[in-house]
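Subject: Structure for you to look at

Hello,

Here is the structure I promised to pass on. Please open it first, then read my notes below.

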Amino acid sequence: MSATDRRTPGEWLQLLVGGAIVSAMFYPAVWMVLSSFKTNREMFKNPFGLPRDWLWSNFSAAWDKGGLGGLYLNSIIVTASAVTLTVCVATAAAFAFSRLAFPGRRWLFRLLLIGLLLPPPVVAIPLFAILRDMGLLNTLWALILSGSAWSLSLTIFIMHGYFNAIRPDMEEAAMLEGASIWQIFRDISVPMVWPSMLTLAIVNTINIWNELMFALLFVVDDEKRTLPVGLIRFFGRYSTDYAMVFAALTISTLPILALYFLLQRHVIAGLSATAMD
Amino acid sequence: MNLLFVAPAFVLFGLFVLLPLVSSVFYAFTNWSGFSTPEWVGLANFSRALADPVHLTSYLHVTLYILGTLLLEVSFGLVMAVVLNSNRLGFSLMRGMFFSPMVLSMTAAGVLWAFVLDYRLGLLNSVLRSVGLNDWALPWLSQGSTALIAIMFVSGWRFAGFYMIIFFAALRRIPRSIYEAATLDGAPPLHQFFTITLPLLRQQMLTCVLLAITGGFAGFDLFFTMTNGGPFNATDVPATWIIRTGFDNNELGYATAMTVILAVVVLIISVVYLRLTERGDHVRY
């Protein structure tokens, strides 16, 4: 059956039902973008149509008043650092769990399950105290380190699955040639799982980029806030200036949506891998 | 030597996951404002938690929320995986669009939907008024009777795509020949769905239900963004109540006791669930 066949009545129904549901669910995003070009009055009088004048000024107002540039920069710093740290550290650990013998291996692996099952709110309060004692409170490090630590379990489990799916022939051959474990890891194992590391980098990017609770609790200064917290603050302060909040929403979501549609295949593969263990 | 490969991971994990977890067991038995030295109070926090009406109803809310997500995220995702399972032109795009809310932050989703559900200007009420259903236009998020349901729908909007993709990937692995044989035997599509598709997706369903349960107890972002527990605690879940008690009222000892309860509840439910489901026979194809 090829895609050029005529559609059966059942397939037309499928297209109709699927199309209707998907359009209805995607519509709020379209409405958000259109509304961000309107004045507050027009939004009330004409909620559905195209804006009469495309008001780009909403965007510059939102960008300036919300300090969105700084929020973006902080989010990028936190996400890039935490994702790099997580993926590197987790790959090394997954390699060890899959390939090496060491004391407490089984026990440590089980311990990681805690990070998978328990919700982060469970540690929010003592973690706050620990970060304060370490002098990390109100720094981006607080978000990088705790975000990374809470991403480790999932990343190690998935990476471990990838390592187990690869036969260790090459590594054993290198071992016989007298290579050290570090050389084997760096020159053979990492190149083999490199694509999986990128997939996991995408998954962790989405999770850490969107992280709210730690960012809300561990950072106080406005100039160190990340995008999700900044957006809530902005919404709280200007909640009656609908047009500007819509512009801020559009600025903070449209680039992410565009990036998603560009990398769709990888994002979906990565996020669905999180449920396969 | 080999331990060096796991050492960095466990330093991070130990400092920021295990250490706070262990120290929370200590703080839970103290009266502590965050700045004072913790003062031992025995089981007082726990007996207070078991008598705190907001704390107790927060578990009712989170249970309702999880039931809601099973319907609006897992079941709806399953149905959509079947509906969008086609190689025809346009279906790949539709799957992509259906999944797209997953990449948005919960705060962006929450703020966007706060506007969709706004009483005066909201998209939903605009639609209802434009088709003449003026009485149906409600202040969705500011009345207790609808706020939790509204949040469930927003959560469904955001997560249904995730479950759809999991089921879709599994559907793709079911050989078409099974369905062709069933069609030859005269089984109607709905019958095929219940006798072929569902049993073969058993493993994915079990995983998804566990994800919905653990994810439900972790629910914080959407509740915080949309209602922060209000109106009058009608949407308080354990996480929002813990954070407000701890950081707004500075009762960190009491809040920590509630986190310990939450951790125990989640661990017991997950372990029991995993034990119950791993016995089940696997359907292979």
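What is the mean pLDDT of chain B, and what share of its residues reach 70 or more? The mean is 90, and 98% of the residues of chain B reach 70 or more. pLDDT is the predictor's confidence in each residue, from 0 to 100.

Some ground rules. This is a predicted model, in which local features need pLDDT of at least 70 and side-chain atom pairs count only at pLDDT 80 or more, while totals for chains, interfaces and linings use all residues. Residues are numbered from 1 along each chain as its sequence is written, and chains are lettered from A and ligands numbered from 1 in the order in which they are written.

Confidence
The model scores ipTM 0.88 and pTM 0.90. Chain A has a mean pLDDT of 89, with 97% of its residues at 70 or more. Among the elements of chain A, helix H4 (residues 68-99) has the highest mean pLDDT, 95. Helix H14 (residues 264-273) of chain A has the lowest, 80. Helices here are DSSP runs of H or I with at least four residues, strands are runs of E with at least two, and both are numbered from the N terminus. Take care with residues 281-285 of chain B, where pLDDT stays under 50. Where pLDDT is low, the predicted coordinates should not be read in detail.

Chain B
Chain B has 13 helices and two strands. Its C-alpha trace spans about 75 × 65 × 35 Å along the principal axes. Of its 285 residues, 44% are buried. Buried means 20 or more other C-beta atoms within 10 Å of the residue's own, exposed means 12 or fewer, and partly exposed is in between, with C-beta atoms placed from the backbone.

Where the chains meet
The contact takes 72 residues from chain A and 73 residues from chain B. Two residues are in contact if their C-beta atoms, placed from the backbone, lie within 7 Å. On the chain A side, helix H1 (residues 9-35) gives the most, with 12 residues. That side divides into 59 nonpolar, 11 polar and two charged residues. Nonpolar covers Ala, Val, Leu, Ile, Met, Phe, Trp, Tyr, Cys and Pro; charged covers Asp, Glu, Lys and Arg; the others, Gly among them, are polar.

A helix pair in chain A
Helix H12 (residues 227-237) and helix H13 (residues 242-262) of chain A pack at an angle of about 170 degrees, with their axes 10 Å apart. So H12(A) is roughly antiparallel to H13(A). Axes are lines fitted to C-alpha atoms, for helices over the stretch in contact, and angles run from 0 to 180 degrees between N-to-C directions. Angles over 145 degrees count as roughly antiparallel, under 35 as roughly parallel, 65 to 115 as roughly perpendicular and the rest as oblique. Leu227(A), Leu231(A), Phe234(A) and Phe235(A) of H12(A) meet Val245(A), Ala248(A) and Ser252(A) of H13(A).

Look at the loop between H11 and H12 of chain B, which holds Asn228(B). Most residues other than glycine have a negative phi, and most peptide bonds are trans. Asn228(B) has a positive phi of about 45 degrees. Asn233(B), in that loop too, has a positive phi of about 65 degrees. A cis peptide bond joins Gly230(B) and Pro231(B), with omega about -15 degrees.

Best wishes
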